[in-house]
Structures are given as structure tokens and as C-alpha cells.
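Please look through the sequence and the three-dimensional picture below, and keep both at hand while you read the explanation that follows.

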Amino acid sequence: MDELEKAHWVAFNHVKGIGPSRFQKLLSHFGSACDAWNASEKEMLFVLGERLTYEINQQRKKVQPEKLYREIVAREIQVLTLEDLDLYPPLLREISNPPYVLYCKGDFRFQDSKYFLAVIGTRKPTPYGLRTAHILSRSAAEKGIVIVSGLATGIDGEAHRGAIDADAPTIGVLGSGFDHLYPRIHKKLTQEILEKGGLLVSEYPPSTKPSKENFPRRNRIISGLSHGVLVVEAPIKSGTMITVDFALEQGREVLAVPGPIFSRTCEGSNLLIAQGAYPVVSVKSIYDFFRLPFETVTKEEHLEPASLAEENLLQLIPFDGIHKEELLLQSKLEESTFYKVLLALEIKGLIGESADGRLFRY
């Protein structure tokens with residue numbers, strides 16, 4: 001595709017209401033985006049109707065496709081279209097109505113990697129969920145599996161950080177344009193993603209602000225880019241489960257991490273396992289899913305309570321936290337013994353302490 005035609009694809013992508021199916025309708029009728037952009041109002045009315053023709057006319061009055069395209073490229077934003085066979089992500093091309101334009105930042109090439117795993121979950125995770133997302137993502141990334149997620153707070157952000165800690169590329173899919181990165185708290189995270197050779201991806205023009213209707217559409221790209229979707233921690237009613245629905249529609253495998261049966265944040269992931277999702281009970285589970293050899297066990301997975309006292313105390317510590325004073329009373333241990341055992345569990349990384357002083361189990 002030449003630059004002129006690509007510029008017109010981008011111009012249509014800036015028209016409200018021209019999604020993948022309607023854009024394909026234009027191409028089928030007019031033969032090219034250039035011809036569609038320059039078509040008469042009468043013919044456009046015949047193809048798309050009054051409302052969309054009005055939107056296109058408004059854009060045609062104020063947008064010069066070539067100038068718009070060059071301004072975007074000048075900002076080091078790569079524009080990929082479905083016609084860019086050597087660059088457009090192959091897995092995403094397989095889904096129903098894939099984005100006809102993708103805006104990308106970063107040096108990552110989809111064709112250079114073999115394995116892609118989406119790691120997703122709640123925006124309000126427990127410490128257990130955060131640690132699990134980090135360890136699984138880091139270990140998978142160390143094996144060459146590219147972690148894909150949505151840059152949201154909570155599990156998404158921790159999945160990206162896990163890959164970054166492995167000094168590996170990770171892909172962040174935005175629900176907005178590059179001019180309005182969301183959430184703002186992840187500005188530093190997006191910079192680290194780019195520094196590690198990762199990629200930021202959006203189907204929305206750079207000036208698009210985040211809005212609630214953008215994120216469900218964004219979720220279909222997260223699953224579409226991946227061989228499987230791993231749910232670390234999620235309530236039954238959540239955006240995570242919307243991504244799962246997309247994954248199932250796209251023929252992707254759904255994986256899930258089991259969690260405490262009384263934890264609301266784990267209700268969704270536990271339900272998925274009950275319904276047949278691939279259970280991820282260790283790093284090895286992910287390696288087995290991709291049929292990769294598992295040679296060593298990570299430090300975090302090897303550490304276990306070394307005594308009955310450690311085991312009993314660990315069982316009293318919930319995933320959502322408990323204050324030390326309450327735990328001491330429940331343990332019925334002598335205070336000196338209690339703190340000795342507690343220190344052993346902390347050194348092994350089996351428990352942590354939140355900002356409000358609550359002890360929690362990983």
C-alpha cells in the first residue's frame with residue numbers, strides 16, 4: 001500500500017462511527033480508501049446513510065489525509081494497517097473485525113516472537129494477586145513469552161512490571177490515544193515498556209480521550225494478540241470477564257489462577273476453572289501450556305514453611321491481611337516465639353506487610 005492510500009485509511013479512522021465493518025463496506029463499494037474519501041455525497045449516502053455521511057463530510061472539511069498522516073508519523077508513531085502483511089500482528093488478523101488501523105509506539109515486531117500470553121485481572125487486587133501476577137509474568141517473559149495486558153492499575157500493571165523485571169518486551173494495549181495515556185499514574189510504566197523493547201498499541205487516533213465505551217473494545221485486542229488469556233484474580237462481574245468472553249469468541253485458550261474460595265476478587269477466576277479453564281497452579285503450568293521445557297523452579301516457588309510452627313502460623317494469615325496483635329492472640333504462641341516464627345516467614349517471602357500494618361499471605 002502506498003502512503004497516499006494509507007493516509008486515507010488513517011483519515012477514515014478519525015471519523016466517528018467508522019469501525020472495521022463499515023470501513024470494509026466502504027472498501028468493497030469504492031475499491032480504495034482514496035476513492036471513498038473523494039466520493040460524492042450522494043454515493044456516500046447510498047452506502048452508509050445520512051448520519052455517517054454527515055460525520056464524513058465534517059471530517060472532509062477540516063482534514064487533509066496526507067498532512068494528518070505525516071503529522072502522526074513525525075511523532076514516531078507507527079501506523080499499521082491490515083494491508084501491512086509483514087508488520088500487522090498475525091494473531092490479531094484472525095479475529096472477527098480486526099482493527100483496520102493500529103497506532104504503535106516502540107521497536108517491537110510481532111513477527112519476531114513466537115509466544116504471546118495476555119495476563120489480566122482486577123484493578124483492586126489482593127497482595128496475593130499482585131505477587132502472583134508479577135512472578136508468573138516475569139517467569140514467562142524469561143522464557144520468551146511476550147506478556148500482553150491493558151496497562152490498567154492492579155493486575156495489568158503488575159504483569160507489565162513482571163516482564164520488565166525479566167528485561168523482556170511487553171505489550172500494553174491502550175483504551176485511549178497516545179495524547180491521553182490512561183491511567184496517568186502509569187506514565188513511568190509506559191516509558192519503561194518502551195525502554196525494554198516493548199510496544200504500546202491503540203486502535204484509537206492519538207487525540208482520543210479515555211472513555212468507558214473504549215475499554216471493552218480495547219479488551220478484544222488484548223485477547224486477539226494472544227495465544228491464551230490468563231486471569232490472575234477477578235470478580236465475577238468485571239472488565240476481565242469481558243476479555244474472557246472475547247477470548248472464547250476468538251478461539252483463544254482461557255487460563256486461570258485459583259484463589260481463596262472466600263475471596264470476592266477470586267470468584268471469577270475460580271468459576272472459570274470450574275467451567276474448564278486451564279488451571280495455572282505454578283510457573284510450570286504456563287510452560288506446559290506452551291509446551292516449553294521446565295528446567296528449574298524459581299526461588300519463590302521452592303520456599304515453604306520449614307516447621308509445624310511456621311505452617312500453623314501461615315495458615316492463620318489471610319490473603320487480605322490481619323493485624324499482628326490479632327494474629328498473636330489467634331496463634332496462642334509465646335510472644336518471643338511468635339516474632340521468631342513471623343520473621344522466618346517474612347524472610348522466605350511467604351508473607352508481607354501492607355502500608356497500614358496488616359500482615360498478608362502471598
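Two strands are said to pair if DSSP finds at least two bridges between them, and helices (H or I, at least four residues) and strands (E, at least two) are themselves DSSP runs, numbered from the N terminus. This is a predicted model, in which local features need pLDDT of at least 70 and side-chain atom pairs count only at pLDDT 80 or more, while totals for chains, interfaces and linings use all residues. Residues are numbered from 1 along each chain as its sequence is written, and side-chain values use heavy atoms, with hydrogens and water left out.

Begin with strand β7 (residues 228-231), which pairs with strand β8 (residues 253-256) in the parallel sense over four bridges; here G228 stands opposite E253 of β8. Strand β7 also pairs in the parallel sense with strand β3 (residues 115-120), again over four bridges, and V119 has L230 of β7 as its bridge partner.

In a regular strand the side chains alternate between the two faces of the sheet. In β7, G228 and L230 point one way and V229 and V231 the other way, and all are buried (under 20% relative accessible area, with a 1.4 Å probe and protein chains only; exposed is over 50%, and partly exposed lies in between).

Now turn to helix α17 (residues 324-331) and helix α18 (residues 335-347), whose axes come within 11 Å and cross at roughly 115°. That makes α17 roughly perpendicular to α18, a term for angles of 65 to 115 degrees. The contact (heavy atoms within 4.5 Å) is made by K324, L327, L328 and S331 of α17 together with E335, F338, Y339 and L342 of α18.

Key:
Axes are lines fitted to C-alpha atoms, for helices over the stretch in contact, and angles run from 0 to 180 degrees between N-to-C directions. Angles under 35 degrees count as roughly parallel, over 145 as roughly antiparallel, 65 to 115 as roughly perpendicular and the rest as oblique.
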